[in-house]
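The points are grouped by topic for reference alongside the sequence and coordinates.

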Amino acid sequence: MSSETKQILTTDGIPLEVSLKKAEKKNKIKAFLLVAPLLMFIIITYVFPIGDMLMRSVDDKMVTEMLPKTFKSMEKWDGQDLPPEEVFEAFYFDFQKLIEEEREGKLSTQLNYTKNGFKSIIKKLRRKSKSFEEGNYKEQIMSVHRRWADVEYWRAIKRRAPAYTYQKYLKGIDMYENEKGEIINVPEDRRVHRILWMRTLEIAFFVTVFCFLMAYPIAHLLATLPMKYSNLLMICVLLPFWTSLLVRTASWMILLQQQGIVNDFFVMIGLVSDDNRLEMMFNKTGSYVAMTQILLPFMVLPLYSVMKTISPSLMRAGKSLGGTPFVAFWKVYFPLTIPGIGAGCLLVFILAIGYYITPALVGGASGTLISNQIAFHMKSTLDWSFASAMGLMLLSGVLVIYWLYNKLVGIDNIKLG
Amino acid sequence: MALPKYTEPHYRIWHYVYLTICAAVFFFLVAPLFVIFPLSFNAEEFLVFSDGMKRLDPDAFSLRWYQDMIYGTKNPWGLAAKNSFIIAIFATIGSVILGTVAALGLSSRHMPYKGLIMAVLISPMIVPLIISGVAIFFFMAKVGLAATHTGIVLAHIILGTPFVVITVTATLSGFDHSVTRAAASLGSDPVNTFMKITLPLILPGVISGGLFAFVTSFDEVVVVLFLAGLENTTIPIQMWTGLREQLSPTILAVATCLIILSTLILVTAELLRRRSERLRGINR
């Protein structure tokens, strides 16, 4: 609307354009105010804490704050030979302060993570330092224990100077930084986490494949049957969906145990002998079977909602144009279901990759996943920063898949029930 | 799905193979749930069908595990059930209120940054529970709400709102906004319009979102495992502990009750969904 043409005015004499913009802005604010409470709630109680996890996973301030003077004086030390007297002096004063605050035990634990052997020499230093004389701290500290005269230990202390570290992430993929600052693999026999990551991916992948293979025919059947039958069969899909996860896991524990019904059945049909019953629980088989059944509804529902929209006349058209039913299915029907396949597979994969309860109960030692490791470090070793690092590594993987999902189907196209 | 008469034999065979596969998958889905029923009435302590049960001998069945569930000594189930219901009810109320109000804003065509905000609001549903559990635990520990009912309720509101947001936005997508304008032009204020016009129309969506939130809270164990103290034990926590330590038939009695509860919820949810589709004029 150019200014030369006569402007349209509202009854108040304000140009219509201005008035409309104002109304638009008001509506925007109104809409935003409705969303604001939940958005603030989620940001404060959920998004920030995930950020807090990130901070924890790289945080290494503890030692930095315990030995402020030491690290300051170490800045000039090149790390080649033993540090000069001033470093020893600074360390002595930092250490005295820690003894006053009764925190020297924490220091020894922390330094022991970096290099084994600190625990005993710090205890010894604590005892001996009471009778230290003023001046020449280097000699006095070195005489406490020969390890205090070993430059390796001073280098280990210096490595704890930065307030941030990525060690926990390295540990998560079984790597570490050695004394020279090189990043190397943990010896083969001590690698734990890589196996777990691979197993998590493997189980999530195969559970997704199994779910797809099982869900496709029944989703097709549900979508093509007349309503009165399909509604009844739909209950078979929805009942497990609404039933407690623990109940379903419990039922698998009953079925798969050695004296369980599945084994009874195998013995009855002569597949295995009675004294040679299969072990299907507390191993990978247990995880596979239980997870597939539990996640199956998440594959059926998106597939069904896509298949429901495909007109049956398309298949008839394909057949009438000379295609065999298989060709018609493969060339016409299948391509139309791809959005549903994408949605279902990504949904199941995302859920499977973060599964915790079922693998912990039926997986045993060989069927546990990365989530179990995270829970273990949260509850048993209390290494929360490591748990956070592993959690974030898992989360970044999930976010990539989430982003893919959004690209393929759109996040607001998720359908429930 | 009757086949036409002219179907060739090998397609006919394929068709029956297909139906058999479908039947097997449905069996795989549902059968495990039905193992629990008979075993929960087992008179013996073992979780296998006794010979008496196989012969349908009445003496082999009993209600002792149900009695144990209700009257058993040092029984955790009463407290757990009470906690579970209290937590789930408050979490549902919180999720429904916050989620519905947010969905109203999100469905407005004036809403800025819709996609981004939606992604943030739905994130608790997509992020693996174990990570949510760790993050929420850190938050609750910091503000001193760990091992309290309030903390668990708040955690479950976080996990429950995405479901409410999704179901209510879906209901609102078929909502005719001219009715609210009509109400406004007749002199109704926005709150009155919402209570008298909008809410009754979107109620099926709100309730089914609420059911999702309820089930999420009632069945949630990962986050509670991090948050709960001894006083806050819930049914899923008790089941988890029971399943880890020793599979006792009492757990199966509880599981049977839970299956009955979930059947009731399923029926309600289905009826609501159909009503909602009828109201929105979607004919399938």
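**Overview**

Buried residues account for 36% of the 417 residues of chain A. The model described here is predicted. In chain B, 45% of the 284 residues are buried. The two chains touch each other through 73 residues of chain A and 74 residues of chain B.

**Chain A: overall architecture**

- Chain A contains 19 helices and 2 strands. Its radius of gyration is 32 Å, well over the 22 Å given by the globule rule for 417 residues, so chain A is more spread out than a compact globule.
- The C-alpha trace of chain A spans about 100 × 95 × 35 Å along its principal axes.
- Of the contacts in chain A between residues at least 6 apart in sequence, 66% join residues at least 24 apart.
- The domain assignment divides chain A into domain 1 (1-59), domain 2 (63-163) and domain 3 (193-413). Between the C-alpha centres of domain 1 and domain 2 of chain A the distance is 56 Å.

**Chain B: overall architecture**

- Chain B has 12 helices and 0 strands. For chain B the radius of gyration is 24 Å, well over the 19 Å that the globule rule gives for 284 residues, so this chain is more spread out than a compact globule.
- Read from the N terminus, the order of elements in chain B is α-α-α-α-α-α-α-α-α-α-α-α.
- Along its principal axes, the C-alpha trace of chain B extends over about 75 × 70 × 35 Å.
- In chain B, 75% of the contacts between residues at least 6 apart in sequence join residues at least 24 apart.

**Interface between chains A and B**

- The contact between the chains involves 73 residues of chain A and 74 residues of chain B. Helix α1 (residues 16-58) of chain A gives the most to the side of chain A that touches chain B, contributing 19 residues.
- By class, that side of chain A consists of 53 nonpolar, 15 polar and 5 charged residues.

**Helix α12 of chain A**

- Helix α12 (residues 245-256) of chain A has 12 residues, which should span 16 Å at 1.5 Å a residue; the end C-alpha atoms are 16 Å apart, in agreement with that expectation.
- This helix is mostly covered, with 12 of its 12 residues buried. The buried residues of α12(A) include A:Arg248, A:Thr249, A:Ser251 and A:Trp252. Also among them are A:Leu245, A:Leu246, A:Val247 and A:Ala250.

**Kinked helices of chain B**

- Helix α5 (residues 114-126) of chain B has 13 residues and reaches 18 Å from its first C-alpha to its last, close to the 18 Å expected at 1.5 Å a residue.
- In α5(B), a kink of about 35° lies at B:Val120, shortly before the proline B:Pro124. B:Pro124 is one of the buried residues of α5(B), and the others are B:Ile117, B:Met118, B:Leu121, B:Ile122, B:Met125 and B:Ile126.
- Helix α9 (residues 190-219) of chain B has 30 residues, yet its end C-alpha atoms are only 37 Å apart, short of the 44 Å that a straight helix would reach at 1.5 Å a residue.
- In α9(B), a kink of about 60° lies at B:Leu203, shortly before the proline B:Pro204.

- A:Phe282 is a residue other than glycine with a positive phi, near 60°. A:Phe282 is placed in the loop between α13 (261-268) and α14 (284-307) of chain A. With 18 C-beta neighbours inside 10 Å, A:Phe282 counts as partly exposed.
- B:Ala147, also not a glycine, has a positive phi of about 60°. The loop that holds B:Ala147 lies between α6 (129-142) and α7 (149-173) of chain B. B:Ala147 is partly exposed, as 16 other C-beta atoms lie within 10 Å.

- A:Trp154 belongs to helix α8 (residues 151-159) of chain A. This tryptophan counts as buried, because A:Trp154 has 21 C-beta neighbours inside 10 Å and the cut-off for a buried residue is 20 or more.
- Leaving aside residues up to four places away in sequence, A:Trp154 touches A:Leu82 and A:Pro83.
- A:Trp154 and A:Leu82 are 72 residues apart along the chain, while their C-alpha atoms are separated by 7.5 Å.

Technical notes: Residues numbered from 1 in each chain as written. Chains lettered and ligands numbered in written order. Predicted model: local features only at pLDDT ≥ 70, side-chain atom pairs only at ≥ 80, totals over all residues. Helix = DSSP H or I, 4+ residues; strand = E, 2+ residues; numbered from the N terminus. Rg over C-alpha atoms; globule rule 2.2 N^0.38 Å. Contact = placed C-beta atoms within 7 Å. Nonpolar A, V, L, I, M, F, W, Y, C, P; charged D, E, K, R; others polar. Domains from an automatic or database assignment. Expected span 1.5 Å × (residues − 1). Bend = angle between axes of the 7 residues up to and from the residue.
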